[in-house]
Structures are given as C-alpha cells and as structure tokens.
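Biologist: I am new to this one. Please show me how to read it.

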Amino acid sequence: MVHKITSFLIASLLFVSLTNAQDSTIVPVKALRIAVFAPLYLDSAYDGTMYSSVKGFPKYSQPGFDFVQGALIALDSLPLPKGSIKAFIYDCKAEIENITWLIANHKLDSVDLFIGSVKDVDLTNLAAFAKQKNVPFISATSPNDGGIVNNPFFLMVNATLLGHCENIYSYLLQKHGTDKIYLCKKRGSQEDKVAEYFKAINERDGMPLLKIETLNFENDFSNLRNKLDSNRTSVFIGGSLSEDFVTGISTAINVFKDTFPSVLIGMPNWDAFTDLKKAPLKDLPILITASYFNDKTDMYSKKMSSPYIKKFKGNPSDMAFKGFESVYVFAKILAKYPDDFMSHLNDASNKLFSEFNFKPVFVGKNTSIPDYFENRHLFLVKLFNGKVTRVL
C-alpha cells in the first residue's frame, strides 16, 4: 500500500489538468488555476527510489498525503459546468520549492484559488500573498487564524477556539439556562483565554446573562463533589485542552454521574484523547463541538471511498475526506462563479459533508474591512464509549 501511495503521488503531484467531463463541446474562455498545498515532506521522506526511514513510510507524511489523495480524487470526479481547471499540487515542506520560493519565483502569480492544509509560517505567508493578489485562500484544516488581520481573502474552514466557545455558549442558552453551570480550568495561558472568551461572550451587554461559576483545579478534583446537586443538573465546561486535565475531570464526574445529574462539555480537541475511550469512563457521555463530522454513509463519501479503497486497499482517513471536500466544493464554486466566488460560499447547494456558514470576523472594533472569514457552522457531537455520534 505504501509503495502504491508514493508512486501514484510522485507521478501526480506536479500538475493535474481537468477538462469538462459533461460536455466536450464547451470551450472555456479561461482555464481556472487552483493551487493545493499540503505538508508531504518528499525531500526528507523519499529519495526517489526508497524511503529514507528504515521503518518505511513516515507517519509525519501521512496526513499530507491523505489530504492530497482526497484532493486528487475530487479533481477526477468533479462535474464542471464551465470550462476547465488546472490544478497544481505543492509540497509546502519542500526544501527548495516551498511556498517562499514559489512566491519569489512568481510561480503562483496566475493562481485563481489557493487551498491549503498548512499552518504556522506557511499559513501566514500564503495568506499574505493571497491578499496581495486578491485571491481567496481556503485554510482547510487549521483552527488557528495565525494572528492574521485585515485580510478578507483568508477563509478558515475550521472554527477558532473563540468560535467553539460561542457555539457552546449558544447551546447553554438553549438547553441549560436554568441549570448550575461551572467553567472548570487549571492554570495556563490557553485556559485563561478560554475563561476570557466565556466572560466576554456572557457579558456582551454589560451584565452576565448566565450565571457561570469558575472553578480552578490542579491535580485534585475531589472538591468537585461539593458542587453536585441531586435535584438539579450541574453543567461542567472543561475549559482546558490538556489531556491530563481531561482525564482528571472526566474520571471525577464519572464517579457521581449515576447519583447526581450532570453534563460534561469539552473542548474541540477532546475527541483525540485515548483516555476518554478506556473502560473506567464507560457510559460517560461527553459533548464537544466540531467543525467537521462525517458518518461516511452519504453518496459523496462513497464516491470518495470507492477509488481510495480500490487503489490503496484501505479505508481513507478524515484528512482524505477533508482534502476531497475542500477541493470538490470550492473548485466547483470557482468554476461556476469565477467572478463572484465570495458571494456563494454558503450556498446550500454546495453541501457535501459539511454545511458551511462563513462569517466575517472583525478583530478590531473600528474597521469596516473583515480581518478574515470563518466557518461558524459547528456540529455538536457526543463522545460515548469510544464512539463519536452527532447530536441532533
């Protein structure tokens, strides 16, 4: 499987040309150009004949390869109502022809849309260039805005931590407005930021709308018992992204859950923590918000899975589905509305796995120009006995 992945990608990475598959009589006025970026680490992981690692295909390359593979399957299956698309796929971790080199050597000057599974300096460099060229840049997987401001061409598919906190708060207003609500945290910069977010959201009109009590913990969660009430539901917001904290608070609540009605709501990264899937936490439901959820039973998931399984003899990862969705959806919008791309980001007809709700974000208060656009459509999901299900 590994050798098939590499040989296929090496042959496909440089250039993909996609012509209209529905009507060969359509003559495009202009070939639209899309650049897709992902961290493939080809220079360090593969020397052209074999892997540099004696253990074979390196794990750090897998997410990028899966994202690109999903993108390629999308390009192969896209129905194009207008013209043709030329897609270029780049390894953003290349030693020489990286994003900085591509920009400096004018290789990206005529691109009409950037799509990237990138972060850190690659994210900020690509966003700055997209702004310079007035070209949309879809950040497909990073939940970090990179400190980017004054850039209405930067679009985040994943919501920021603030976006998740706002979504959790909206859920609390709808479902738990009269319950006892506790924000549980430990010392730390991220934890302080979460607390600041909830305080700002709750006091937008000057006075707190919900009564939210902040509880600080280190390693001992025994005093959590004092907050439980057998006659009233207690809602605990786990305001930390630390796995040790998550294990501690979930274990403490699990002891009392059958006697005291309680709800545990976590941060968006909690679904990656293995401790939440272990036996001691059996039958403890945990709610989190997520920018992406796909049960892989729909028509488009099958369209994605079938060629992947046939080619690689294995099931595609979520990164492959994200690569497929981001290219399929946004390339299709570009082809249909090449001169009005931004106005159609939230069209219901674009839906594959996710329903997008891009909203302008204004970091500063005295500006009329959005600092960026962020997808604020989030899913409420439940972690329960090792499974992730959507809460409708």
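Modeller: Start with Cys184. Its relative accessibility is 0%, so Cys184 counts as buried. Buried means under 20% relative accessible area, exposed over 50%, and partly exposed in between, with a 1.4 Å probe and protein chains only.

Biologist: What should I know about the model and the numbering?

Modeller: This is a predicted model: local features need pLDDT of at least 70, side-chain atom pairs count only at pLDDT 80 or more, and totals for chains, interfaces and linings use all residues. Residues are numbered from 1 along each chain as its sequence is written, and side-chain values use heavy atoms, leaving out hydrogens and water.

Biologist: Is Cys92 buried or exposed?

Modeller: Cys92 is buried, at 4% relative accessible area.

Biologist: How many disulfides are there?

Modeller: A disulfide is a pair of cysteine sulfur atoms within 2.5 Å. By this rule the count is 0.

Biologist: How much of the protein chain is buried?

Modeller: Buried residues are 49% of its 392 residues.

Biologist: Where is Ser242 found?

Modeller: Helices (H or I, at least four residues) and strands (E, at least two) are DSSP runs, numbered from the N terminus. Ser242 lies in the loop between strand 9 (234-238) and helix 8 (243-256). Ser242 is buried, at 16% relative accessible area.

Biologist: Which residues is Ser242 in contact with?

Modeller: Contact means heavy atoms within 4.5 Å. Leaving aside neighbours within four places in sequence, Ser242 is in contact with Lys186, Glu191 and Phe273.
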